[in-house]
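Please inspect the sequence and the coordinates shown here before reading on.

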Amino acid sequence: MKILQLLPTLDPSSGGVARTVLATSRALAARGHTTEIASLDGPNAAWVADAGLFVHGLGDSLTTYSYSKKLLPWLRENAARFDRVIGNGVWQNHSLAAWGAFPWLGGFLKCCLIVPVSTGPVRGKLTAHPR
């Protein structure tokens with residue numbers, strides 16, 4: 001399966017989302033899936049080059065909602081290559097762009113696989129909570 005992960009930044013100083021996307025992408029790749037990451041970091045950002053994964057650094061974003069004029073055209077151009085899209089950070093512009101680029105998946109709530117992760121009943125064990 002070809003999976004695209006979307007997020008505003010892979011900058012490690014941004015916190016857990018960046019680390020989670022990297023860890024999830026590596027785990028999916030280890031299970032035989034092809035994973036790519038699209039972030040709004042500059043293509044020359046150190047954390048893009050050092051990720052050890054296929055990362056599309058689409059350029060710096062504007063505003064706190066991570067707007068990038070390059071994102072929606074890139075998503076539309078590349079949408080057919082992916083079977084699944086994971087949107088990380090629902091209240092940001094990249095989630096809206098995914099909705100516009102993947103209408104064949106049935107709209108916003110179906111185009112982005114939003115899986116909040118938290119500690120489960122077993123201390124330290126991660127569990128996914130369905131919508």
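Which exposed residues does the face of α1 turned away from its buried side carry? That face carries R19 and A30; exposed means over 50% relative accessible area, buried under 20%, and partly exposed in between, with a 1.4 Å probe and protein chains only.

The model is predicted, so local features need pLDDT of at least 70 and side-chain atom pairs count only at pLDDT 80 or more, whereas totals for chains, interfaces and linings use all residues. Residues are numbered from 1 along each chain as its sequence is written, and side-chain values use heavy atoms, with hydrogens and water left out.

**Overall architecture**

Five helices and six strands make up the protein; helices (H or I, at least four residues) and strands (E, at least two) are DSSP runs, numbered from the N terminus. Their order from the N terminus is β-α-β-α-β-α-β-α-α-β-β. Of the 131 residues, 40% count as buried. The protein exposes about 7800 Å², of which carbon and sulfur atoms supply 60%; the areas come from the Shrake-Rupley method with a 1.4 Å probe.

**Helix α1 and its surroundings**

Helix α1 spans residues 16-30 and reaches 21 Å from its first C-alpha to its last, close to the 21 Å expected at 1.5 Å a residue. That expected span is 1.5 Å times one less than the number of residues. Its buried residues are A18, V21, L22, S25 and L28. Seen down the axis of α1, these residues fall within an arc of 135°, so they line one face of the helix; the arc is that of the directions from the helix axis to the C-beta atoms.

| Strand covering buried residues of α1 | Residues |
|---|---|
| β1 | 2-7 |
| β2 | 34-39 |
| β4 | 84-87 |

After α1 comes G32, whose phi is positive, near 95°.

**Residue Q5**

Q5 lies in strand β1 and counts as buried because its relative accessibility is 2%. Among the residues that Q5 touches, not counting those up to four places away in sequence, are V21 and S25.

**Confidence**

The average pLDDT, the predictor's confidence in each residue from 0 to 100, is 75 for the protein. Among the elements, β2 has the highest mean pLDDT (92) and β5 (residues 117-119) the lowest (38). Over residues 107-131, pLDDT stays under 50. Where pLDDT is low, the predicted coordinates should not be read in detail.

How values were computed: Contact means heavy atoms within 4.5 Å.
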